[in-house]
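Good morning, colleagues. I would like to take a few minutes to walk through one model, beginning with a helix contact and ending with a pocket.

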Amino acid sequence: ITCEMIAEIAQQDEVDVARVLDEWRECLKKQEIQGKIYHSIYHASFVDFLKGKRALQSPRKIFDEVNRRIADYFSTQMDTDK
């Protein structure tokens with residue numbers, strides 16, 4: 001996923017997202033595809049680790065909200081590609 005995509009899904013400024021991605025560089029893998037930089041998490045087990053964090057456990061609504069935003073984003077992108 002690109003920084004631009006993350007910023008749009010998270011409804012955050014792209015500069016702030018880029019800063020966070022830079023801070024998390026040890027946990028992320030960068031790959032250039034057709035001139036764009038894509039980010040992915042090194043291991044799926046890291047996602048499990050994040051889900052296990054106490055701060056993210058209480059209202060697990062954050063994962064539901066993120067999943068909804070991702071689905072909305074890709075739905076919108078598919079509509080504009082038609």
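This is a predicted model: local features need pLDDT of at least 70, side-chain atom pairs count only at pLDDT 80 or more; totals for chains, interfaces and linings use all residues.

**Helix contact, hairpin and pocket**

Let me begin with the contact between two helices, in which Cys 3, Glu 4, Ile 6 and Ala 7 of H1 meet Glu 14, Val 17, Ala 18 and Leu 21 of H2. Sorted by class, this contact of H1 with H2 comprises six nonpolar and two charged residues, with no polar residue.

Now to the geometry. A packed pair of helices is described by the angle between the axes and by the distance between them. For H1 and H2, the axes come within 9 Å and cross at roughly 115°. The crossing of H1 and H2 is right-handed.

Let me place this pair in the chain. The secondary structure amounts to five helices and two strands. In sequence order, the pattern reads α-α-β-β-α-α-α. As for overall dimensions, the C-alpha atoms fill a box of roughly 40 × 25 × 25 Å along the principal axes.

I turn next to the strands. E1, residues 28-33, pairs with E2 in the antiparallel sense, over six bridges. Which residue of the hairpin takes a positive phi? That residue is Gln 34, with phi near 50°, in a hairpin that has two residues between the strands.

The last topic is the largest pocket. Rolling a probe the size of a water molecule over the atoms shows where empty space remains. In this model, the largest pocket holds about 1,200 Å³ of space. Its lining consists of 26 residues, and those nearest the centre are Ile 6, Ala 10, Ile 41, Leu 50 and Val 66. Helices H1 (3-10), H2 (14-23), H3 (44-52) and H5 (61-81), together with strand E2 (36-41), are the elements that give two or more residues to this lining.

Which element supplies the largest share of the lining? It is H5, with seven residues. By class, the lining has 18 nonpolar, four polar and four charged residues.

To close, I return to one residue that links two parts of this talk. Ile 6 belongs to the contact of H1 with H2, and Ile 6 is also among the residues nearest the centre of the largest pocket. Thank you for your attention.

Key
Residues are numbered from 1 along each chain as its sequence is written. Side-chain values use heavy atoms; hydrogens and water are left out. On a 1 Å grid over the protein atoms alone, a cavity is a set of points where a 1.4 Å probe fits but cannot get out, and a pocket is an open set with protein on both sides within 12 Å along at least five of seven lines; lining residues have an atom within 4 Å of a point. Grid points are joined across faces, edges and corners, and a volume is the space filled by probe spheres set on the points. Helices (H or I, at least four residues) and strands (E, at least two) are DSSP runs, numbered from the N terminus. Ala, Val, Leu, Ile, Met, Phe, Trp, Tyr, Cys and Pro count as nonpolar, Asp, Glu, Lys and Arg as charged, and the others, Gly among them, as polar. Axes are lines fitted to C-alpha atoms, for helices over the stretch in contact, and angles run from 0 to 180 degrees between N-to-C directions. A crossing is left-handed if the near helix is turned anticlockwise from the far one by less than a right angle, and right-handed if clockwise. Contact means heavy atoms within 4.5 Å. Two strands pair if DSSP finds at least two bridges between them.
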